[in-house]
Amino acid sequence: MSSTGFNSRNGTGQTYANGPSQNPGMGFNIGSQAPYSPMPTKGPVAPGAGLYNSGPYQPGPPAGPYQPGPPAGAYQPGPPAGAFQPGPQAGPYQPAAPVSSYHPPPGQPPLTRPPMGGPPPTLTPPQSSSPAPRMPHAQATPPPPAAMSHNYYPNQPPQQSPSPAWQYGAAAPPAAAPHGAMRAPPSGPVGNHVGPMNPAATLLPPQPSPSSSAGYAPTPLAPVPHSTAPGSGPGPVPLHGYTQPGNASTPPPMAPHPYQPASAPYGALPTGHAMPPMGPPPMGNATPPPPKAEAQCEGSAASTEPPSEQGDIECPGPSAGNGHQAPYAFNHLENKMAGAPQSGPPGRHLGHYPSLPPGYNNTPASQGAAPPMHPPMQTAPSQYPPQPQLYQQPPGGPGLAQMSSSLASLSLQGNTPEALRVVNLLQERNLLPAGPIPAPTPPLPQDLQKVNCNPEVFRCTLSSIPQTQSLLNKAKLPLGLLLHPFKDLSVTLQLPVVTSSTIVRCRSCRTYINPFVSFLDQRRWKCNLCFRVNDVPEEFMYNPISRSYGEPQKRPEVQNATIEFIAPSEYMLRPPQPAVYLFVLDVSHNAVETGYLNVVCQSLLDNISALPGDTRTKVGFITFDSTIHFYNLQEGLSQPQMLIVSDIEEIFLPTPDSLLVNLNECKELVQDLLKSLPHIFEKTMETQSALGPALQAAFKLLSPTGGRVSVFQTQLPSMGVGALKSREDPNQRASAKDIQHLAPATDFYKKLALDCSGQQVAVDLFLLSAQYCDLASLGCISRYSAGSVYYYPSYHHQHNPAQVERFEKDLKRYLTRKIGFEAVMRIRCTKGLSIHTFHGNFFVRSTDLLSLPNVNPDAGFAVQMSIEENLVDMQVVSFQAALLYTSSKGERRIRVHTLCLPVVNSLTDVFAGADVQAVTGLLASMAVDRSVSASLGDARDAMTNAAIDSLASYRHAALTIQQPGLLAPACLRLFPLYVLALLKQKAFRTGTSTRLDDRVFSMCQLKFQPLVYAMLMIHPTLYRVDDLSDQGALNISERTIPQPRELQLSVEKLCREGAFLMDAGSVMHLWVGRSCNPSFLTQVLGVPDYAALPQNMYQLPELETAESQRTRAFIGWLREQRPFYPSLHIIRDDSPQKGDFMQNMIEDRTESALSYYEFLLHMQQQISK
């Protein structure tokens, strides 16, 4: 798409070389997406039955409206015919509230979902203000919203609309798709003909039609029968459908026909108001990629790639409108929001519903036909080795030709793997492991597994890839990748660096040679992504490590899944840029009062020599209040010279050649400026902030070279372009309604960020404020320029010393960490797979090329994938991420990560390979986009239904012996807990007072942070630390690190006699009980008794006691495992900060949220319908 589309949406102005915006980072301003029709006003709801018969528990009216429209073919099965419909189990785990059993009271109907159309229901009913000894009348206690299915067939009783669900995967067919297939959405507003249902309910892109012009014709896999009634299938089958090797038989493919639920779906269709036509949604980040075509290099100075190679990582490709993706590859978050009115099957007269996509044509197996279950591969239970080594690959390499026999030997021999052990979540309480959860090990042959990519760098939500999109749809699990591509690789992880004039790549798809290619002989190798046969260059025949000739399969490139190349000259069109750092500082009265300026200047003085760079490194400074101040640091001056520009409407550079100076040549002037800056403005009374003009000046200054801009802001911008007004109403922070103003108020910061990205300039934002600053708007400057956002609420050098300490530590890390300039990253995958959505901070330059003006080792990325073509003939698939960047030393480098995963053809194998943490992390990114593009309520309901759908699919399609209770495979046993944790996380919670900037920053972190750090935010870890011992301790660098057991996040695990440490990622809470062990108070906290413990304590004293050394060693070890510095808050039992600690008790009930046990009961109710 040309840049005209961008200008038409964002007003006239400069044309952007890279086309219209489409950064899938945060989901703001979705462009060229299906129109979105918001929810209509709803009428009163009919009275509903009570939820829990539990004495004093009286849930109030739920909050968080979610009334979805019908998804396009979203398959949400009802219970199988003849299946046992269990009630909840009264197991050993009893909730805090007296919920003894889950039966309706006498005379009260069983629990059902309340009718649609009334006051918005919620998953989290607030606590009643006055407890009563018995359940109130039915109308006072509507249950939480239920996950719904929909019957697509005529002559059925009316049903409720389906609840929001993610449909993980396939791209939609073209507009010319035949009758019955999903059509491309129209470009203009579309009326919804379904009634009062929310069309934003489902998030999944439809499956491509077999007859669509896209050319994809996937053959649906014969599914597992959903009925377990006697006589409906073959003889007895083991619990998970596993059979002894040689016994499994696969029925022939059958003509697909629509799935018909064996029993009534979740509820009845509502009747009510018609949905009014609505306009298209705003543009945004989480937009699918443009059509997958080989990019033609344009040869611009910023593209830094050889013009001779097509589809190359360093090739920016044609102007693609910030990566507008294929018009048929709908964003999974958006495509269900508003599609064109679809014609349905004959005889259905309930309105216009989307037709059932081919991916959901469920073909029941014929009588007597065996279910298509293959013997699964063995899942190794061991954790990924923390110290991968160089392994010698047998001659010929572990290529595809050698895999069949190895994979065939991995059959299970009749044993069920631990990952598929059936867990009844209502009966098993202690689900948390004693320590960190390892990533699942893919069931690969040992020679492949040894050289596979480290999961800390590259992992997939499913460690076994489904053979078809229809199989993926049945599993109801998202398929995606989570990357940490520029991670600091320690000595233990060994990053091999190869210097060679010849970098061996596939001539067709440009894949870098890797451990998973096949060597046909010593002179030919087959690409593991496109399967083209390539010649081995003569230079590659020599092994520099062994200094031998004729063994290309032993080269480092074929022995390491992560490797870095020093790029030759053909990988650059201009000399590598120098390291350039520009600091933009707010010096208004409010900024000076916080005291941050002293910290920044002192930290720069301490670390000025440690800034990454070489002899070409440049630095510059800009300060601003109502005017813009530049500083002439030209060599030869006796002191820095301040130049003030008061015309902020037409900003200009007073002396362009002397504002950015060589650090080595002008270090003394720079140090003089840093020493004087805090004193220059210490008596200022200027209260205005012209942030927008200051950013424009920074862009003008760095445009010729590129570089990094570090912006420090302490208030809402109030002057010039980009000025903002407060949009937060403090009285609505705890409102149960949907949260407003999550999207930016202006597109100025986004447009400026796109300009910066085109000139290889990244902007990092440090926000230090006690007041609302509209981070939703300001954050765009970093999000679209591949920058970072740092947020320090209530920062003050005297009143909040914990924040000051955290800011100092973060700033030191920020100034001295590794950095890459003018970077691009491309993700490739095996033929048949495709990428359709990106998450993170970047700009999508073409189909799958991410523009990263700066790349830092603390940035994470995520992508969603679909299966476009059946992977029937493949044993394994591969994914490769290649990052081309300029180091701070001026070297052009390419870091390549390759991941190999097996392909499976049974649903049980798909579930066995589920990575619950990766699934949770990807769902969190999807939910952030959904919150911005639709509503927070939609995102919450969709997350809930993601858990319900996956466990319903497991129960109905993967289990062959139905049992009572809420059943999950062991690998997904924590999925409901993680989803509940997301619902209570600061980004998505409702009913609790949450500052808007705090909520938006939490969303930024979920999108930007690598998975291991994001999981600490989602589900903190709790330890008891008043009884630490050396038993089971780690010995690291002559230090003894205690290893206490992780506890469940529930107050029942606390006791007044103990002290408990909660690690929530960016903050740690040490809660001290009122009757805490006196020895802990004296030996660790350094106080004689509990009464002497201060209210605002944020550091542990360094005492020469064994208890103190153990506690400080453990907390220090936790801090060392992350790049940022978590602050420590020591909390008394009567401290005002106790609320922050208790809000992370995810398993407990709050006034606005269900307890974990109640959430499980809610899930069981929906699955059992």
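Reader: What makes β9 and β10 a pair of strands?

Author: Two strands pair if DSSP finds at least two bridges between them, and here 3 bridges join β9 (residues 524-526) to β10, so they count as paired. The two strands run antiparallel, and the bridge partner of R524 in β10 is D535. A strand here is a DSSP run of E with at least two residues, and a helix is a run of H or I with at least four, both numbered from the N terminus. By the way, this is a predicted model: local features need pLDDT of at least 70, side-chain atom pairs count only at pLDDT 80 or more, and totals for chains, interfaces and linings use all residues. Residues are numbered from 1 along each chain as its sequence is written, and side-chain values use heavy atoms, with hydrogens and water left out.

Reader: Which strands are the edges of that sheet?

Author: The open sheet has 3 strands in the order β8-β9-β10, with antiparallel pairing. Its edge strands are β8 (518-521) and β10 (533-535), as each pairs on one side only.

Reader: Okay, rings now. Why is the pair Y792 and F807 called edge-to-face?

Author: Rings of Phe, Tyr and Trp (its six-membered ring) pair if their centres lie within 6.5 Å; planes under 30 degrees apart are stacked, over 60 edge-to-face, and the rest tilted. By this rule there are 23 aromatic pairs. For Y792 and F807 the centres are 5.1 Å apart and the planes at 70°, so edge-to-face it is. Y792 lies in strand β21 (residues 789-793) and F807 in helix α12 (residues 801-816), so the pair ties together parts that are 15 residues apart in sequence.

Reader: And how do you know that F838 is buried?

Author: Buried means under 20% relative accessible area, exposed over 50%, and partly exposed in between (1.4 Å probe, protein chains only). F838 is at 1%, so it counts as buried.

Reader: What makes R505 sit over the ring of Y512?

Author: The rule wants NZ of Lys or CZ of Arg within 6 Å of the ring centre and within 35 degrees of the ring normal. R505 lies over the face of Y512, at 4.1 Å from the ring centre. R708 does this with Y814, 4.2 Å from its centre.
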